[in-house]
Amino acid sequence: MNRRPVLLTALTLTATLALAACGSEDTDVPTKGSDKATGPTVPTPTTSAPASDPRPAIELPGDLSYTFDWPKTGDREKDAVLADSEQSIKAVDQAIVNQNALDKAYLHYYEGEAAAETQTFVQNYVDHKAGITGSYRFYAPEVSVEKDGTASLSYCEDQGRAYVKYLETGEIKKTEVTAKSYVIYHTSLKRDEDRGVWVIQKIVSQSGSEKCRP
């Protein structure tokens, strides 16, 4: 289960960019870019949920940007999977920004194995006093929804402009763009009928995916 497979590869940290290392190859500090933050950044809301929506609001700093190149499919359930998956990605990053491996926002979207791996992934950043900065692009989604309330989603991530930042020194260590900057994710989800949310139960990632390279 790797959501951010390769960035924290800077300095002596060799993060394997895998969100909590779910099925990923990297293991040390989360490899999300390789930079250090220049001190705390004032968060600016990137997403806010209406009062009637049970989904948690996500607030991320202005030095993080996201591009989701996955247009709506026209299918209600598939589009719901894509929307909740987008929020789940940002929720994990909020946990890193907040330096909280048990941040409630991501726990809203992850359970079981995926939640445990995500906690470990975020804790790596916390232990190394590292954050993230830069821009992320997600593209080439493939989603399917089954009649039993489960779904699968695979998608690519371009981490070429995403970096790790070290909070104590403010250092941002940029890494060279290589084949490993392109990561493919495979997630298994289940609809929580009580909350109306698509929850991630398992996530596996692979860096250097030929399918995701430009």
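Predicted model: local features only at pLDDT ≥ 70, side-chain atom pairs only at ≥ 80, totals over all residues.
Q: What share of the residues in the protein chain is buried?
A: Buried means under 20% relative accessible area, exposed over 50%, and partly exposed in between (1.4 Å probe, protein chains only). Of the 214 residues in the protein chain, the buried share is 51%.

Q: Which residues touch the most other members of the largest nonpolar core?
A: A nonpolar core is a set of buried Ala, Val, Leu, Ile, Met, Phe, Trp, Tyr and Cys residues joined through side-chain atoms within 4.5 Å. The largest one has 42 residues, and helix α1 (residues 76–98) gives the most to this core, with 7 residues. The members that touch the most others are Y110, F138 and Y155.

Q: How far apart are the sulfur atoms of C156 and C212?
A: A disulfide is a pair of cysteine sulfur atoms within 2.5 Å, and C156 and C212 form one. This pair links distant parts of the chain, with C156 in strand β5 and C212 in the segment after β9 (197–207), 56 residues apart. The link is left-handed, with -75 degrees about the S-S bond. The separation of the two sulfur atoms is 2.0 Å.

Q: Why does C156 count as buried?
A: C156 belongs to a second, separate core of 5 residues, which also includes Y139, I184 and C212. C156 counts as buried because its relative accessibility is 1%.

Q: Which side chain of opposite charge is nearest to D158?
A: Lys and Arg count as positive and Asp and Glu as negative, while His and the chain ends are not counted. A salt bridge is a side-chain nitrogen of Lys or Arg within 4 Å of a carboxyl oxygen of Asp or Glu. D158, in strand β5 (residues 150–158), is buried yet has no salt bridge. At 4.2 Å, the nearest side chain of opposite charge is that of R137.

Q: Which backbone nitrogen does the side chain of D158 reach?
A: A polar contact is a pair of N or O atoms within 3.5 Å; within protein, one must be able to donate a hydrogen and the other to accept it, and residues adjacent in sequence count only if both atoms are side-chain atoms. Contact in general means heavy atoms within 4.5 Å, and D158 touches residues including S135, Y139 and Y182. At 2.8 Å, the side chain of D158 reaches the backbone nitrogen of G160.

Q: Which side chain is joined to that of Q159 by a polar contact of 2.9 Å?
A: Q159 lies in the loop between β5 and β6 (162–166). Q159 is buried, with a relative accessible area of 2%. The polar contact of 2.9 Å joins the side chain of Q159 to that of E157.

Definitions and conventions
Residues numbered from 1 in each chain as written. Heavy atoms only, no water. Helix = DSSP H or I, 4+ residues; strand = E, 2+ residues; numbered from the N terminus. Lists of a residue's contacts leave out its neighbours within four places in sequence.
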